[in-house]
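Try each task before reading its solution.

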Amino acid sequence: MKREKVYYEHCKNVLHQTVLFDGLAEDLLDDMLSLFRRDTWRRGVQLDSDIFQERFYLLIDGRLEIMRVNPHTGRSITLSLLGPGDGVDVVTLLNNEPHELQAVAIDDISLISVPINDARDWIDLHPEFNRNFLPYLGEQMRKLEDLSTDLALYDTMTRLARLILRHVAPHHPQSVCGKHSLKLIHDLHDESLARMVGSVRQVVNRHLQHWRKQGVLHKDKFHTEVTELQLLQKFADESHPKSKQARKI
Amino acid sequence: MSEKNTCVSIYSSHQSAEQALGELRVEGLDVQQISIVGKGYQNEEHPVGFYTTGEHIYYQGVQTAFWSNLQKLLSSASFFWLPGFGTLATAGFIVRLLVEGQESIEVGGGFNVLGKSLFSMGIPRDSIVDYEQAIKAGKILLIVHGMRSDVERAYHILHSKTQQVAVHMA
């Protein structure tokens, strides 16, 4: 990318705030950005995993859902929901093994991309980047660990409560009304939330309605916020009696 | 995957746009997938526009050779005056989009026929605004539109350390 473009500065600002590029020297970041190209994907576009074998994509604006679909049943599960600053399918930086996944743009999204081999070279040549890459990779692995653990050990209500809690915006100043904002999932449809917890829309909708009636969540103009964080935390704690009682609904 | 994939390269001069177009042709890219968009006007005192004297359409203005050649190479060309935008000269695939099916394109945000055409090629709203500003500033857009493989191929031909090329998928 050329340096003088407004978009270039925007990309730098976004990347500086991410785990992957935080703290990197300006000249190194400039060198890396010079290799990138600008990409946009329109909302709803679905891409197969082969595209990620060719180029490494970094999300600049918007959200991207990474999912796996059973072609025989049509059932799907969301493996991750990526936001600005996230790398797409980072595991392909480690090896060339093809793997099944589908990427779906939830919004009109902006990305920057680089040939996959150039991105792999960064890991080899730049220990500064590597120092960021490994913790980032660890974070992604922990998220998958959380997903698999939730699916195996908890019921849908607990999984949904844990999902929402994981997306409460950190360091977000609580509003006057005492509501906590959510990052990435604040305006998702029930269907999308269901894919994230391995359930179906009807079940997720029932739990969300129950929490809204109880005053745990507040929804206004498709925008959900948490109003009772501690109560939601209790629902996320499977052993809590209130959680068990609520589970009977 | 739909065919609403586009790669856009911006040039400061018609010479560099012409050279890039030549490279695409040499590499065998289908010219039916290529469009050129520019202002076609540079504060001239002379008449500006397209005219015909029989079989061929000719461009009248400072960039006469450039736009007349494009009309021959890319089969079609147009010259419009858009309210709030000014003059717009185009050649290639985009001409058909500018004059057909505009009613069915729902882009919103008060976009003109150019914005609607770019949107229908898979270019998002933010980028349309950027491209419109580039054209107003006298720059020339070279657009390749088609399957992802064609667009990626065009990108590899066009991009360089000094030439910025963006890829849009929809």
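**Exercise 1. Find out how many salt bridges there are between chain A and chain B.**

Step 1: Step 2: apply it between chain A and chain B, and you get five salt bridges. Over all chains, the count comes to 16. Step 3: look at single pairs. B:Asp130 and A:Arg38 are one of them, at 3.4 Å from N to O. That pair runs from helix α5 (residues 125-136) of chain B to strand β1 (residues 37-41) of chain A; helices (H or I, at least four residues) and strands (E, at least two) are DSSP runs, numbered from the N terminus. B:Arg148 and A:Asp50 also meet in a salt bridge, at 3.8 Å from N to O.

Before you go on, a word on ground rules: this is a predicted model, where local features need pLDDT of at least 70 and side-chain atom pairs count only at pLDDT 80 or more, while totals for chains, interfaces and linings use all residues. Residues are numbered from 1 along each chain as its sequence is written, chains are lettered from A and ligands numbered from 1 in the order in which they are written, and side-chain values use heavy atoms, leaving out hydrogens and water.

**Exercise 2. Work out how much area chain A and chain B bury between them.**

Step 1: count contacts (heavy atoms within 4.5 Å). 18 residues of chain A touch 21 residues of chain B in this sense. Step 2: get the buried area, meaning the accessible area (1.4 Å probe) that two parts lose on being put together, summed over both. It is about 1,700 Å², with 45% on carbon and sulfur atoms. A:Arg37, A:Arg38 and A:Arg42 supply 41% of the area that chain A buries against chain B, more than any other three residues.

**Exercise 3. Describe how domain 1 and domain 2 of chain A meet.**

Step 1: take the bounds, 6-142 for domain 1 and 154-248 for domain 2, which come from an automatic or database domain assignment. Their centres, taken over C-alpha atoms, are 28 Å apart. Step 2: list the contacts, where 10 residues of domain 1 of chain A meet nine of domain 2. On the domain 1 side, A:Arg63, A:Thr78 and A:Leu81 supply 57% of what that domain buries against domain 2, more than any other three residues. Step 4: check for charge pairs. The rule finds two salt bridges across this domain interface of chain A. Separately, A:Arg63 has a salt bridge with A:Asp187, at 2.6 Å from N to O.

How values were computed
Salt bridge = Lys/Arg side-chain N within 4 Å of Asp/Glu carboxyl O.
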